[in-house]
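The account starts once the structure is in view.

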Amino acid sequence: MNILDELNPAQREAVEAVNGPVLILAGPGSGKTMVIAHRVAYLIKVCGVSPHRIMAVTFTNKAAREMEERLHRLVSSSVRELTLGTFHAICARILRNEGRAVGINPKFVIYDDEDQISLIKRSLKEVDLDPKQYAPRAIVSAISAAKSRMLPPKDYIEQGRSYFDEIVGRVYERYEQILTENSGLDFNDLLMKAVQLFRNKSDISSRYQARYLHLLVDEFQDTNLTQYELIKQLGGKYHNICVVGDPDQSIYSWRFADLRNILSFEKDYPEAKLVLLEQNYRSTKKILDTASYIIEANQQRKPKELWTNNELGELTTVVETYTEQEEAQFVVNEVERLVSEGKASLGDCAIMYRTNAQSRALEEAFVRYGTPYKLVAGTRFYERREIKDIIAYLRLIQNPHDSVSLMRIINVPGRGIGQQTQAKLSSWAKSMGVSQYEALPVMAKPEVKETAHQPFFNSRISQTLTDFGNLMEEFIAHSQELNLVDLFDLVVERSGYKNYILGGIEEEERWENILELRTVVQQYRDFKPQDGLTDFLEGVTLVSDVDRLDRSVDTVTLITLHQAKGLEFPVVFIVGMEDGILPHFKSFDDPAQMEEERRLCYVGVTRAKQRVYLVRAFRRNLMGSSTVSRPSRFLNDIPQHLIQGGGLWSGEESQITKAIYSWNEAPAPSLNNVALKAGDHVRHAQFGNGVVVSCQLVTDDSEVVVAFIGAGVKKLLLSFAYLEKVE
DNA sequence: CGAAAGGCTCTTTTT
DNA sequence: GAGCCTTTCG
């Protein structure tokens with residue numbers, strides 16, 4: 001088979017331009033992943049480049065895996081030698097191998113953002129600031145921003161202009177100290193330290209530059225400055241850098257992805273070849289049209305001409321429902337309808353939303369109707385308490401200096417080591433200049449043992465701490481010779497965690513989670529004991545939820561718009577098409593962010609091959625209270641000829657919206673004259689007679705639930721339902 | 001020390 | 001509505 005056979009001219013150009021830098025701007029569904037795969041295959045098979053000398057960076061681990069599979073089919077020879085993965089995974093590997101040269105403990109732990117938050121809280125307290133006054137999240141974000149620009153605390157403080165900067169500077173400084181003491185790296189560090197390594201160690205840098213003859217970067221629009229810097233360094237010798245991206249699909253600026261990288265690329269490599277992939281192979285004409293109208297309303301963008309030879313297809317369906325429950329119900333019904341009419345299978349359908357919280361109502365509806373679904377995130381698997389607890393044990397075994405993990409599990413399950421004791425342990429450790437683990441009685445350095453800690457702990461506490469220390473020592477000793485599965489079982493059993501879960505609340509579900517983690521562990525059974533642990537921990541920290549998505553099972557997919565990037569589905573529902581949700585209200589006051597919200601919507605629509613539904617609810621529960629909202633302004637940018645209405649949608653602002661807003665502007669005096677209570681008999685023009693089930697005051701209105709004879713149970717707004725009381 | 005209850009705040013997206 | 005923190009009581 002010829003590698004170039006199935007490519008169109010532009011794609012072929014992108015594959016064949018192997019010498020020098022290449023910038024590929026690729027629209028949605030234009031086959032960019034295929035182009036990357038074919039380019040790698042071409043390099044190996046036609047140009048005779050050793051896979052060992054190629055690095056391909058993907059956005060998720062899943063994308064990396066798929067790439068590997070594709071390549072396996074294209075080039076039968078081994079692709080194992082390829083460097084293939086996310087920036088974070090690749091950097092972690094580099095740092096494990098080379099970090100020693102810049103003082104990085106090769107057994108470093110990687111702290112995820114939850115760990116990061118707790119570290120920031122600790123840092124705040126340690127520099128005498130109140131975590132309540134200074135939101136840890138905001139500080140994490142400021143520090144991440146600094147790290148994305150590779151600013152160490154010292155420079156950050158020097159450049160600080162505001163009071164907040166100064167606060168952040170102080171915390172940042174302490175935070176870095178704690179990281180060092182713990183041999184811990186956060187996500188940003190993985191990238192930043194790798195760049196610093198190459199900057200400071202020219203021998204290592206030239207070794208890597210000499211090795212990587214070809215570099216490829218997917219989703220280039222979502223890289224940050226550090227990542228770009230890394231690519232420039234690695235490609236410093238050969239300049240064979242191929243980046244692929246789509247500015248219209250840039251949706252990670254909040255993670256400090258910087259679109260300017262695309263401009264910088266053109267500037268840094270003026271000789272770069274530009275290839276445009278504009279033919280869409282995924283969507284129908286009407287879907288592509290709808291998407292184009294949405295994205296074209298953005299001001300800050302270069303126009304591009306997307307086209308497709310696909311059929312015209314169906315109109316985009318816009319639907320309006322009353323509540324989020326009805327929204328969910330509509331989605332389930334519609335899915336069932338499509339399936340029963342043979343127009344789609346369950347696996348063809350994806351429901352996309354802006355915020356994770358929206359999945360709840362959807363899930364409930366799917367459960368109620370018994371329609372199989374899979375949720376991509378929700379509470380993320382690796383963020384579940386029991387999972388993080390067990391992982392903390394394993395982390396501590398690998399790196400006893402990791403005080404975040406230590407503090408997490410020292411009293412889980414309860415061992416009688418409470419806050420007081422932990423605080424004492426921590427301050428004692430600090431005064432002795434050792435890690436908390438070393439400060440445990442059994443671990444104390446011989447010269448300070450016994451005497452030094454005696455004043456602090458009574459004999460009972462001291463014994464408890466010793467027991468815990470001995471337990472960990474036992475684990476560490478076993479970790480030298482046991483395979484990971486046996487070590488895992490030992491930890492779960494001997495730590496008392498198993499008994500702690502069995503007998504606790506939600507025992508079944510939590511135990512199942514442990515067992516699911518165990519199946520992950522099994523993949524590392526045949527590794528050498530130490531390597532298994534290291535690789536497992538790294539994998540576990542750097543996986544994303546999308547990585548765990550299994551498309552082979554025929555169920556509906558519930559997924560956030562962000563996670564949906566790079567995927568495609570025959571049928572796509574986007575729910576929560578409301579101002580405040582999409583676009584999210586947090587973005588309202590920033591035009592740049594509003595454009596990103598629009599891109600997010602665009603990404604969602606362009607995932608679809610056959611059908612798109614845009615659904616909104618009039619009333620929705622947000623943080624406990626009921627809120628009314630207007631249709632997403634993005635809906636206004638889709639011309640009528642591409643839309644068909646469903647539900648209550650009538651084209652522009654719907655009947656409901658009009659009624660409510662006109663009422664809000666001029667409150668109807670009659671409202672308060674209608675006093676309804678549960679048990680009252682009422683009549684409705686359309687639904688007929690019924691009985692009031694409940695009556696509840698909501699923002700500016702009364703919400704009445706009525707059981708109608710024949711029409712069933714309805715939730716109505718008193719202000720426009722015009723219920724008539726029947727005696 | 002720890003379980004339970006009450007009160008508080010803040011809600012986006014994730015490698 | 002939930003998660004986090006504090007308070008209270010055994």
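Buried here means under 20% relative accessible area, exposed means over 50%, and partly exposed lies in between, with a 1.4 Å probe and protein chains only. Helices (H or I, at least four residues) and strands (E, at least two) are DSSP runs, numbered from the N terminus. This is a predicted model, in which local features need pLDDT of at least 70 and side-chain atom pairs count only at pLDDT 80 or more, whereas totals for chains, interfaces and linings use all residues. Residues are numbered from 1 along each chain as its sequence is written, chains are lettered from A and ligands numbered from 1 in the order in which they are written, and side-chain values use heavy atoms, with hydrogens and water left out.

Chain A holds 28 helices and 23 strands, and of its 727 residues 55% are buried. With a contact taken as heavy atoms within 4.5 Å, residues 24 or more positions apart account for 75% of the contacts in chain A that have a separation of 6 or more.

Strand β19 (residues 681-684) has Val682 and His684 on its covered face, while His681 and Arg683 form the uncovered one. In a regular strand the side chains alternate between the two faces of the sheet. Two strands pair if DSSP finds at least two bridges between them; β19 and strand β23 (residues 724-726) do so in the antiparallel sense over three bridges, and Arg683 stands opposite Glu724 in β23.

In α13 the buried residues include Ile287, Leu288 and Ile295, and what covers the buried residues of α13 includes β11 (316-323), α26 (591-605) and β16 (608-622).

Around DNA strand C, with near meaning that a residue has a heavy atom within 4 Å, stand Lys121, Arg360, Met623 and Gly624. A phosphate oxygen of DNA strand C lies 3.1 Å from an N or O atom in the side chain of Lys121, and a polar side-chain atom of Arg360 is 2.7 Å from a phosphate oxygen of DNA strand C. Of the atoms of DNA strand C within 4 Å of the protein, 38% belong to sugar or phosphate and the rest to bases.

Definitions and conventions
A polar contact is a pair of N or O atoms within 3.5 Å; within protein, one must be able to donate a hydrogen and the other to accept it, and residues adjacent in sequence count only if both atoms are side-chain atoms.
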